[in-house]
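Here's a quick briefing to read with the model open beside you. Keep the viewer handy and follow along.

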Amino acid sequence: MQNKIFLFSDIDETLIYPKNKMNPDKNNLLEAEVESDQDQKTYIYNHYYEFIDRIIQSELFEFVPVTHRTLEEYQRTFFYRDYRLKNVILNSAGNIFIDGEKDSHWEVNIKKQLLNLEIDILQLVQSFEQEFYEHFERLKIPIIRHIDLQCIVIKNSSFPNSQKVTNSIKDFVTKLYFKYQLEKDFYIYKNYNTFLILPNFINKAAGVEYLINKYKPFFVIGAGDNLSDLKFLNMADFALIPQKSTLNQILNNYIKEISPNEIIIGNDRKIETAILIANNSYNYSYMDDGLHSYILEKQHILKYSFFEKKLKKIF
């Protein structure tokens, strides 16, 4: 597949959304999943669906869903029913499926790393259950379970639409996260009324990197809406970020704080830019790789073409 363009895309709130987060003026909605609770059912805009369908139809593209969803949750979506999709990254890359089967090499790799964890996932689930039982009202105790002994899922299932209950669960999960000293080896991901506690090595970027190394596509596009997608978006040659996404909002807020004469430089250009800065009067700051190129293009502060031209003059 070295002659293909790979599009790695997050699913939830990048392509499919709960109805209450969609544009009410648009009536061209399609159900994105079946056999789901009405309050949790997701939809996709018709033109989004047509875009994805054309990508999948093209022999030039390979579309790869990248999601926090479990296999059971993914099976409810229309993506699962599309036989043309060959690869999918599930459980934040806890599992990678190729042609409907778990990739054995990836599975072995994950199991080896799980064995090296100092904390037992099953024991942690039991500890969390006991903590919630002792400190929460019975009706508000969330469902706590593990996924393939890879991560912990904590879900507000009793009052899924209550932000107050979800926030109280979030605060308590955060408290337990530090109480059990999980910050070294684990991170927390929040999605709607659900919280996941995952080992650091189980993340979307790791799965994307694995498939890039496996197939060696000549061009990679990434699509995502959240900070949890940022690392794998940085691996892509080109990134797609939904206009109303959390990630786009963060970027726009950052842009508003930029001075008109300020240059923002990615960490990958520090040596060249040190020479550039020495020869010019600019305010400057460094930021994580990947974000800077988006901001430069968005704000028109300094384009790469101009940047390269300045460097050539200096050298």
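Start at Ile89: leaving out residues up to four places away in sequence, Ile89 touches Phe8, Val64, Pro65, Val66, Thr67, Asn95, Ile96, Gly207, Val208 and Leu211, where touching, or contact, means heavy atoms within 4.5 Å. This is a predicted model, so local features need pLDDT of at least 70 and side-chain atom pairs count only at pLDDT 80 or more, while totals for chains, interfaces and linings use all residues. Numbering runs from 1 along each chain as its sequence is written, and side-chain values use heavy atoms, with hydrogens and water left out.

**The cores**

- Ile89 also belongs to the largest nonpolar core, which has 53 residues; Ile89, Phe8, Phe132, Ile154 and Leu211 touch the most other members.
- A nonpolar core here is a set of buried Ala, Val, Leu, Ile, Met, Phe, Trp, Tyr and Cys residues joined through side-chain atoms within 4.5 Å; buried means under 20% relative accessible area, exposed over 50%, and partly exposed in between (1.4 Å probe, protein chains only).
- Helix H6 (residues 204-215) gives the most to this core, with seven residues.
- There's a second, separate core of 21 residues, with Ile5, Ile11, Ile16 and Ile221 among them.

**Where H4 meets H5**

- The axes of helix H4 (residues 121-135) and helix H5 (residues 163-179) come within 11 Å and cross at roughly 130°; axes are lines fitted to C-alpha atoms, for helices over the stretch in contact, and angles run from 0 to 180 degrees between N-to-C directions.
- That angle makes H4 oblique to H5, since under 35 degrees counts as roughly parallel, over 145 as roughly antiparallel, 65 to 115 as roughly perpendicular and the rest as oblique.
- On the H4 side the contact uses Phe128, Glu131, Phe132 and His135, and on the H5 side Ile169, Phe172, Val173, Leu176 and Lys179.

**Leu29**

- Leu29 sits in strand S3 (residues 29-31) and is partly exposed, with a relative accessible area of 22%.
- Leu29 touches Lys19, Met22, Ile44 and Tyr45, again not counting residues up to four places away in sequence.
- The C-alpha atoms of Leu29 and Tyr49 are separated by 9.4 Å, and these residues lie 20 residues apart along the chain.

**The whole chain**

- The protein chain has eleven helices and 16 strands; helices (H or I, at least four residues) and strands (E, at least two) are DSSP runs, numbered from the N terminus.
- Buried residues make up 45% of its 315 residues.
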